[in-house]
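Please look at the sequence and the model before reading on.

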Amino acid sequence: MPLDNRAVSRLEARLRREIRGEVLFDAFSRGRYSTDASIYQIEPLGVVVPRSREDAAAAIAIAREEEVPVLPRGGGTSQCGQTVARALVIDCSKYLDRVIAVDVEGRRARVEPGVVLDRLNRRLRQDRLFFPVDPSTASRATIGGMTANNSCGSRSLRYGNMVHNVRGVDALLADGTAAWFGEVPGNFPADSNGGAMPERYRELVRRMRALHRREAGEIERRFPKVLRRVGGYNIDSIDEGGHNMARLLVGSEGTLAFFNEIELELQPIPAHRVLGICHFPTFYGAMAATRRIVDLGPSAVELVDRTMIELSRDIPMFRAVVDRFVQGEPAAILLTEFAGDDPPENLRRLRALVELMGDLGFPGAVVEATDPAFQQAVWEIRAQGLNIMMSMKGDGKPVSFLEDCAVRLEDLADYTDRLTRIFEKHGTYGTWYAHASVGCLHVRPVLNVKQELEVRKMRAIAEEAFAMVREYQGSHSGEHGDGLVRSEFHEAMFGGRIVRAFEEVKDAFDPQGLFNPGKIVRAPKMDDRSLFRFKPDYRHLPIDTALDWSEWGGFAGAAEMCNNNGACRARDAAVMCPSFRATGDEQHLTRGRANSLRLALSGQLGPEALVSEDMRETMALCISCKGCKRECPTGVDMARMKIEFLHHYRERHGLAARDRLIAYLPRYAPYAAHIAPVMNLRNRMPFLANLSERFLGLSAGRKLPQWATHPYRNATPPPQPSPRPLPKPPPLAGEGRVGATSGALSARTGARLSDGASSMRQGTRASGRVGAGGRAVVLLVDTFNRYFEPENARAAERVLTRAGYHVVSPDPARGRPLCCGRTFLAAGLVDEARREARRMLDALAPHVAAGTPIVGLEPSCLLTLRDEFPAIMPGAASKVLAGRSQLFEEFVDSERSAGRFTLAFAPMEGRTALLHGHCHQKAFDTVDAAVSALQLIPGLNVETFDATCCGMAGAFGYEAEHHALSLKIGELGVLPKMRAAAPGTLLAANGTSCRHQIADAAGRQARHLVRILDDASAAIGG
Ligand SMILES: Cc1cc2nc3c(=O)[nH]c(=O)nc-3n(C[C@H](O)[C@H](O)[C@H](O)COP(=O)(O)OP(=O)(O)OC[C@H]3O[C@@H](n4cnc5c(N)ncnc54)[C@H](O)[C@@H]3O)c2cc1C
Ligand code: SF4
Ligand code: SF4
C-alpha cells in the first residue's frame, strides 16, 4: 500500500473527526508503540485506542479508505515481532476489555479482545471455572493477543493451546464484513444457518474447504505431528465433514481479521493439586526421563535448569523458596504436577512418580509439595523464568528466535544435546526451561544483536537449529508465533506448496493486504537489521549524567533494560505501576517511560527530546514509588531515571515556584517552625488555600501538613563516660575503611568525604540520651517527622531508651538539622541533594566508623541513604553508610533476632493492627520487619494487604493537577481497605504522605508503628 505523508495526515484528521477513541500520532506515542517484546522496532503511522467495537470498526474503515495498513494490538508482549508494523495500531487493551457473558452451565465465556487473562480468571473463580490456557504473561496478555498468537502454557499437555479452547470469534474482515467464525457443519451451505451468514463468510468457507481438498495430502506430509505447532495458518483444521472456522483465525497474528469478540471454552478448577519436584544430576537424564514421567498422566511437566536455579538464588525475593525446594546442586529439575478432583488419586500418582524416579536410578530425588501455597511459590519462580534470565545486564542478552521449537518426547534428549553443541560451536550458551511435557523447551542463546557479527551468528544458529528440528519432524514455532523472526523459515519447514497455500488464505481473507503486513506470509528476512530495535546506526547521544549509571553501562543502558515483557502492565501486581493502573495508558507505564527515554537518549525522537515537554508529560505521572525497582523483572528503576530526567529538564527550563517551595523545605523549615501558627493559617482559611492553588498549584482541596509548634529538638545530651558501641558489624560487600575514599568521589562534584576522626576534629557534634546498658543508636529524624509529627520521633526515642539503647542525634558541624535531600531529588536538584548528602556523610562518619546503626523513621528519607546516596556520591563511604542505615522496624527486628531487643510490651489481646506498607518499604522488602516489630506486642494480630501506592507519593497528591489522580490511585486498594477497617483497629502506616492520604481521603487516623510500640511499652511501665 502507498504510504505518503499526505495519506497519513488525512488519516489522522479523519480519525480525529470521525471516531470517539483516542488518536495518538505524535512522535513519542508512535515511539512507544514501535516495539513489542521482540528484537524488532517499527514505528507505526499512528495509534487509535478505540472506546468501542464501533469505534474500532470506524477506524479500520477509515484506514482501508486511506489505504493504510492496520495492526491490532493487545498487551504488546509478543516475542516474535508480530505486534510491530508500519501501520495504524488499534490498541484494544484500554477500553475493549469487558467480559460480555459467562454461561456457567455450558462452560463458555464471551469476551472482548482486550480482556487480560488473569482478570478473566478472577471473574470466573466465583463459578469455580477457569480458562485453562496459561501463558507466563497471564497478568497482562489479552485474550485477543492470545487468540491471535495461538498461545499455550504450562498445562497444554492437559488442556491444549488456544486453538483447542476458542469456540468462536466475532471478527471484522478487511472489507468491513462482520461475521461470526465458528462451527461449520459438514452439509454447509445447505444447513439453515448457512443462509444467515454473510455471503462473504460463506465464500470464505467454500474457498478454505476447496484449498484443503486440494492440499490435504501435502498437509498430511508436511505439518509436524506435535501438539506445539503454532506456525503458519491452521489449514490442517479444515474438514469437509465439519470444522470450526475460528481455528483459522487462531494463530493468525492479526493478519486475517480484527477480533471483536471471542468465545472461550472454560474448565472446572481442579479441586486438588500436588507437585513432585524431580531432581536430576544431568540435564540429559532429565530429558530422557520426561517421556516416562508424562506416561503417569501429569497436568504439567516443566523444566528448570541449573543456570536458572542459580540465577533465582541470586534474587532475594526467590532465594528462600528455591532453598526450600532444591536439594543440593541438581543439573536440572522437572516440576511435575498432578491435578484433579480426587486427592487420593493425585497422591497415588505422586507416589508412582517417586517410584519411577527410583526405577530410573534417582532414588530419593523427589521433593513432594502438597501445600498449595508452597506449590504456588514454586510455580511463580518457573513463571518468572524468562524474566530471571533477562535480568542479565550489559549488551549481551539472551535473544529470542528459536526458543520454542518443539520436538517429539523421544527426541528431546538428543535434540537438546545437539542444540547445546551448536551454541558451543558459535561461542555462546543458553539457559533451558519450560514445557518438557510437550517437547517445547525455551532456550535463548546469549548474543549482542547490536553487532553485525553477532547478528550473523544468530542467523547461522537459526538455520542450523531449524534444520535439525526438521530432521526430528518437529516444529520451529511451538509457542510464541511467527512474526518477523520465524515467518521467513516457513518455506523450509512446510515446503513451498504449503506456503503458497498460506498466501492463498491471506489473500482470500484480506486481498488488499490491510491487516498486519509481512507476518506469516511474505515476510522480510529475520536478520534485516533495519527492522531491529538496535539498528546498525543505533547510538547513544553524549550526555553528562548527574547520577552514577555505571552499573548499567550508562543512563541509556539502564533504559535499554526494558525488554517490553509488559510485567508493569499487570493491573493487580503488588505496587508497579500505579500510574498505569489508574490511567490504562501506555504513556503512563514503566515500559512507556523506559521506551521514551531509550528513544530520546539514542536521538530517535530528535535532538532535544530528553528535555522536551513530551518527555515531561511522559514522566509527570511517575510517582517514584520504586515499585518497578523491585517488581520489574529486569530491574528497570524508573524512580531513579526520573531524577536524572528532572535534573536535565530543570537545567534547561528552571524551577517552578511550587517545586522550589517543596524542594527547599528542609532549608527554611527551621525558620518556618518559629511561626508555625501563621504557617498553619492556610489550612484554616479557604481563601488562602485558593490562593495557594492559584499561584502555587497546591490543591485547595488538600490540607497541607500541619507545622508543629514544638518540633523535635534532638535527644538529650550524652552523659559521661562515652557509650558502649555495638559489637563490630559484619563487613559489607566491597566495604573499605570509611573515609578511605576521601577524594575519590564524583569528579563532577568534587565532593570529598572526611574520615570519622577528622569529622570529629572538624567539630561534628552529637547529642544523646542513654538507656540502661547504653548501646549507641543514631536516630536520624527527617524533616517531616521533625517539623510536622515530632511525636513520632519522641516515641522512637522513648522506645529505644526503654529498650536500653543510647540514642544519639547526630548534628552537623553547623546550622540546621541533617536532611537526606529527598525533596531536592524529587525536583531533580541533584547538586543540592548532593550537598545534603555530603553534610550527612560528614556528620555520620564517626558513627559509621564506630559501627553504630543509623536508624530512621520515614521510609522515603532513610532509604534515600541506602538507594540514592551511592548514585549521587559513588564510592565506598556512601556504600558503607547505605549498609548501616536501617528503618526503625528493621533495627528492632534485627536486634530482636540477635537477642538484644528484649523490651516488654503490654499485651493487646484481641486487637488487630492493619499495616499499610509504604511503597519504598515494599521496594526494599522491609514490610516483614515492620510486621515482626508489631508482633512483639503479645496478642496483637497484625494484618497486611497487597495494594499499590496510596496515591499521595510525597508532594504528588498535593499538586492541583494531580489531586484527582492521586485519589484514584488510593482507591485502587489502600483507601477502601483503610475505610473498611473495623473500629478499634490500629491503623499503621510509616509514610508521612500515606498517613495524610488516609486521613484526607479515608477519614481514618493511621499512625507510625513506633507510636503503637511506644504506647504498648509505656503501658507496661518500661
Ligand atoms: C516474559 C514472556 C513470557 C511469555 N510466555 C509465554 C507463554 O508461556 N506462552 C505463550 O504462548 N506465550 C508467551 N509469551 C508471548 C506472549 O506473551 C503471548 O503470546 C501473549 O498471548 C500475547 O498477548 P498480548 O495481549 O500481549 O498480544 P499482542 O502482543 O498485543 O498481540 C499479539 C498478536 O495478536 C494480534 N491481535 C491482538 N489483538 C487482536 C485483535 N483484537 N484482533 C486480531 N488480532 C489481534 C496482534 O496483531 C499480534 O499479532 C511470553 C512473552 C513474554 C514477554
Ligand atoms: S519496564 Fe520492566 S516490567 Fe515493564 S515492560 Fe519493561 S522490562 Fe518489563
Ligand atoms: S516508580 Fe512507580 S510510578 Fe514510576 S514507573 Fe516505577 S512503578 Fe511506575
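**Helix α36**

Of the 20 residues of α36, 15 are buried, so the helix is largely enclosed by the rest of the structure. Buried here means under 20% relative accessible area, exposed over 50% and partly exposed in between, using a 1.4 Å probe and protein chains only. This is a predicted model, in which local features need pLDDT of at least 70 and side-chain atom pairs count only at pLDDT 80 or more, while totals for chains, interfaces and linings use all residues. Residues are numbered from 1 along each chain as its sequence is written, chains are lettered from A and ligands numbered from 1 in the order in which they are written, and side-chain values use heavy atoms, leaving out hydrogens and water.

- α36 covers residues 830-849 and reaches 26 Å from its first C-alpha to its last, close to the 28 Å expected (1.5 Å times one less than the number of residues).
- Helices (H or I, at least four residues) and strands (E, at least two) are DSSP runs, numbered from the N terminus.
- At alanine 843, α36 bends by about 40°, and proline 846 follows within four residues; the bend is the angle between axes fitted to the seven residues ending at a residue and the seven starting there.

**Shell around ligand 3**

- Ligand 3 is surrounded by 13 residues, of which the closest are Cys577, Arg593, Cys622, Cys625 and Cys628; a residue counts if one of its heavy atoms lies within 4 Å.
- Helices α23 (590-601) and α26 (638-653) each supply at least two residues of this shell.

**Aromatic pairs**

- The model has 24 aromatic pairs, counted when ring centres of Phe, Tyr or Trp (its six-membered ring) lie within 6.5 Å; planes under 30 degrees apart are stacked, over 60 edge-to-face and the rest tilted.
- Tyrosine 415 and tryptophan 432 have ring centres 6.5 Å apart and planes at 80°, so this pair is edge-to-face.
- Tyrosine 415 lies in helix α16 and tryptophan 432 in strand β19, so the pair ties together parts that are 17 residues apart in sequence.
- Tyrosine 415 is buried at 0% relative accessibility, and tryptophan 432 is buried at 4%.
- Phenylalanine 494 and phenylalanine 502 also form an edge-to-face pair, 5.2 Å centre to centre with 80° between the planes.
- Ring pairs join Phe283, Tyr415, Phe423, Trp432 and Tyr472 in a cluster.
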